[in-house]
Amino acid sequence: FFSILGMSGDESRDASGGVEEVDKEDIGEEHLIKEEVGTEDVGTEEVNEEADKGEVSKDEGGTEEDGKDESAKSEGGKEKAIDSTTLDQGVTRTQSLITKYKLDVERCHAKNSRKHWTEACAAAAPLEQNEDKLTDTQKKILEDFREAKESAEETLHRLDLLTEARHHISKCQLPLQKIQAELDKGEEKQDGVAMRKHWATLGEKVDPLRCTAAYHQFEEVKVMLKNIEDLEPKVQSQAEAAIVNKEMREALTKCEKILKELEKAREKAQGQQIIALWTKLKIAAEIFTGEKRDVYAAYDQVQEFLKKYEDIAPNVEQEGKRVIHEQEATALLEKVQRPLAHAFVMVEKGDKAAAQAKKQEVYEIARLLIEDPFGYYANFDQVKIFIEDYERLTKMEIVEKELPDPTPKAKCGKENWQKDSSTSECSVCHKEFTFTRRRHHCRICGCVACGACCPKPKLMDQNRVCIKCT
């Protein structure tokens, strides 16, 4: 075709190259590179064919110069193609990143938004430097970028604040859940101390939201602060009620336990135990009878306990003291019974010295009963009987008798002994016989007496004799 037009190989290559360059702007990158390579191949084949046929003639110097011009033109076209491709890729990437950035902003993803915006800025930088080479469509994309750039810093800063606020809100969720769990429990199961502890923790977590004014622009923060503000009165009242309820139940349980022990002690007439338990009960019940009486007045269980408490209060302490004094009197009477009986025996025998000694012994033992300075023992029947016996003893005159005959008294035969079944107490001290207080017979009078009134002889050849016969 070029031979018919009378064009040389170099001119044909220039023409073909020119056509290719004209079409570069209208076709894509891949077609451009392929056609460029294809043109060079076709040009080379034509040159070879013309050289073989001898239709084209030229010297070697001209061929080398033309080759240099061709390579320079080819390199220039390739550089222009790379620049256009870079711009196309930059525009596409910028548009994609701006779309991702806007989507992340809508989703409030601060980290991803900042990342995609940084990448979009980097991708748009070459476009701004080569704005004159952009098409109208590409320039529109660049304008979108510039519009987003005007509010990007403010938007990213706002997203950072929102992320921080949401982080603080998430910290408040766990204490709120624990508080709500306590509120959902029944009155008897609520733990007011734990509720207050969780509320204090919530206060620490919510302080950054309250104190940072920048967070107040977000609706989530406003809702959180409003919910906490509305919840506070309920939490405080419920916590106070739960604490009072728990204190009441613990104190009431303790008082009921002491009251049961006190009733048992009263049944068993344990004076010291009655006084100790009553003192303990007064201290435990002070929570219901003291300054907080009105706080617990609304509880029916407290009213029932106070009724029992007030019923026993006037008498229980006096009852305890009376039992103690009665036990003291019983112990003294048991101790003084034998010396008193021996004193009567000595008076009857006319042994003045022994009688005086026994009287003194009785006084020393029963001095508290005899003098009774506070009147603790005067109302007991056993004490009254003892006082009458003691007064009778002190009024008895001791008539000294002649010394007994030193010769041994005749023994009473065993057939004349008093029967064991005829009496249940000692004939001398009148104490009842028990498993440890055994019966013994006097070998002279044959009476039944205890071991103290009829002692065992010190010598083996002597007989057991009661104190009346000694």
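## Helices α8 and α11

The crossing of helix α8 and helix α11 is left-handed. In this predicted model, α8 covers residues 271–284 and α11 covers residues 300–349. Their axes lie 8 Å apart, and the two helices pack at an angle of about 150 degrees. Angles over 145 degrees count as roughly antiparallel, and α8 is therefore roughly antiparallel to α11.

On the α8 side, the contact is made by Gly271, Gln272, Ile274, Ile275, Trp278, Leu281 and Lys282. On the α11 side, the residues taking part include Phe305, Tyr309, Ile312, Ala313 and Val316, and also Glu317, Gly320 and Lys321. Val323, Ile324 and Gln327 of α11 belong to the contact as well. By residue class, the contact of α8 with α11 divides into 11 nonpolar, 4 polar and 3 charged residues.

## Helices α12 and α14

The crossing of α12 and α14 is left-handed.

Lys359, Val362 and Tyr363 are the residues that α12 brings to the contact. From α14 come Phe386, Tyr390, Leu393 and Thr394. The residues of the contact of α12 with α14 comprise 5 nonpolar, 1 polar and 1 charged.

## His198 in helix α6

His198 has its place in helix α6, which covers residues 192–211. Its relative accessibility is 16%. Buried means under 20%, so His198 counts as buried.

Which residues is His198 in contact with, leaving aside its neighbours within four places in sequence? They are Pro175, Lys178 and Ile179.

## The protein overall

The secondary structure of the protein comes to 14 helices and 2 strands. The protein has 470 residues, of which 33% count as buried; His198 counts as buried at its 16% relative accessibility.

Taking contacts between residues at least 6 apart in sequence, 63% join residues that are at least 24 apart.

Definitions and conventions. Residues are numbered from 1 along each chain as its sequence is written. This is a predicted model: local features need pLDDT of at least 70, side-chain atom pairs count only at pLDDT 80 or more; totals for chains, interfaces and linings use all residues. Side-chain values use heavy atoms; hydrogens and water are left out. A crossing is left-handed if the near helix is turned anticlockwise from the far one by less than a right angle, and right-handed if clockwise. Helices (H or I, at least four residues) and strands (E, at least two) are DSSP runs, numbered from the N terminus. Contact means heavy atoms within 4.5 Å. Ala, Val, Leu, Ile, Met, Phe, Trp, Tyr, Cys and Pro count as nonpolar, Asp, Glu, Lys and Arg as charged, and the others, Gly among them, as polar. Buried means under 20% relative accessible area, exposed over 50%, partly exposed in between (1.4 Å probe, protein chains only). Axes are lines fitted to C-alpha atoms, for helices over the stretch in contact, and angles run from 0 to 180 degrees between N-to-C directions. Angles under 35 degrees count as roughly parallel, over 145 as roughly antiparallel, 65 to 115 as roughly perpendicular and the rest as oblique.
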